[in-house]
Amino acid sequence: MQLIHLLGFPISLILAVAFVFVIFLLHKIDAFKKVTGVLSSQMTAVVLLGVFAVILMVEGTFGMPLHKSVAFLVLVLLLMLSLGLVTLRGFRKYSAVFTLSHLGLFLVLFGGFFGAPDYMEARMMLRYDTPEHVAFKSNGEFVALPFEVTLEDFKADYYDDGKSPKQYTSTLSVDGVKRSTSVNHPCSVKGYTLYQEDYDWETGDYSVIMVVRDNWIPVVYLGMILLALSAVFEMKKTWKSRATLPVIIVLAVVFTILSLARINLGTLMPALRSLWFFPHIIIYMLAYSVLAVAVALGIMSFFKERTYDVSCKLLQTGSALLLAGMLCGSVWAKAAWGDYWAWDPKENWAAATWLLTLLGSHIPNRGRHKVTVIAAIIVSFMAIQMTWYGVNYLPSSSMSMHTYNK
């Protein structure tokens, strides 16, 4: 923890600039051509995607915090280095979709990695008419805030049954200015964001407000925007097989009904009452459907060769949809819980599934690689099943914020 604090601003910014400088140096100097050739090769991409997918699946299954290990951090640096070099090369050689996707992922990882030391999360237990200007981190360390907060009112809204919570709202006075924060609707004050996290369930005497400062979030959001654009362009480019479209839509409707059947829509918990709820689910159900058809056509290609190309294109479309679904979930999580990525078991499996589809897309889809590509499509679809409902039965399920059916 002390090392993390030491790497905070301005050291974090200096290290980030130095890292970008190293990427440009490797790209420009001819003496490093062999190194850059290896780092930006298709084989390196396949290996890194496979390694990260395995790590995420292991952590998503057993709840082991592998993302906190030194080895994982080194792998992230290596992946960013590879993405940076590929992006620089892509400006001249490859399509806009290629460049946007690689640059977008680079920025998300870049902002999350170098911004981690500057990320601050603490909590305030506010009581009525008692001003507070100090928040406490999980380790007991206190943070002096540049503003004073007073709880003026707290309200818990319930559904008609009188038991199921619908929304929690705290009315605050921040330096004398009236503000409010509720689940999915935080408020921002002087570079900090205040989230409604908890309250006194017995007497309602206090409200717990989470205070977050995330100065690097604009970099991450810029990366997400670029990734979203690349996903849209990818879907537009590959969504041309009209013969499969009716099957995909029917499957998407079925999967959506099955998914929503597991959630009581009449008494949605506050965290689920978000504009991102239905887009997030519908996009994922489309991805499930696309990959289901891709699997079927991939297997059929052993008997009818012409279905193989369609299967490969659907893999790319499914990958783009998975990415779009994850981005929706990340923005939603940021609004609800203060962070766009919590290393939750379901999140880990979702990311692993997306990485597996990327792995399949990075493998040459001709000649002797055909069986490998089809295997990647099948494994990706199996990983989706774990993401969809299998996570609920894994050892890590007790740690998940997404097991709403329990």
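Modeller: The model is a predicted one. Helix H8 covers residues 245-261 and helix H9 covers residues 277-300; their axes come within 8 Å and cross at roughly 130 degrees. The crossing of H8 and H9 has a right-handed sense. On the H8 side, the residues in contact are Val-247, Ile-248, Leu-251, Ala-252, Phe-255, Thr-256, Ser-259 and Leu-260. On the H9 side they are Phe-277, Phe-278, Ile-281, Met-285, Leu-286, Tyr-288, Ser-289, Val-290, Ala-292 and Val-293. Sorted by class, the contact of H8 with H9 holds 15 nonpolar and 3 polar residues, with no charged ones.

A second pair can be set beside this one. Helix H10 spans residues 306-337 and helix H12 spans residues 370-388, and their axes come within 11 Å, crossing at roughly 40 degrees. That angle makes H10 oblique to H12. The crossing of H10 and H12 is left-handed. H10 contributes Tyr-308, Ser-311, Cys-312, Leu-315 and Leu-322 to the contact, while H12 contributes Lys-370, Val-373, Ile-374, Ile-377 and Ile-384. In the contact of H10 with H12, 8 residues are nonpolar, 1 is polar and 1 is charged.

How values were computed. Residues are numbered from 1 along each chain as its sequence is written. This is a predicted model: local features need pLDDT of at least 70, side-chain atom pairs count only at pLDDT 80 or more; totals for chains, interfaces and linings use all residues. Side-chain values use heavy atoms; hydrogens and water are left out. Axes are lines fitted to C-alpha atoms, for helices over the stretch in contact, and angles run from 0 to 180 degrees between N-to-C directions. Helices (H or I, at least four residues) and strands (E, at least two) are DSSP runs, numbered from the N terminus. Angles under 35 degrees count as roughly parallel, over 145 as roughly antiparallel, 65 to 115 as roughly perpendicular and the rest as oblique. A crossing is left-handed if the near helix is turned anticlockwise from the far one by less than a right angle, and right-handed if clockwise. Contact means heavy atoms within 4.5 Å. Ala, Val, Leu, Ile, Met, Phe, Trp, Tyr, Cys and Pro count as nonpolar, Asp, Glu, Lys and Arg as charged, and the others, Gly among them, as polar.
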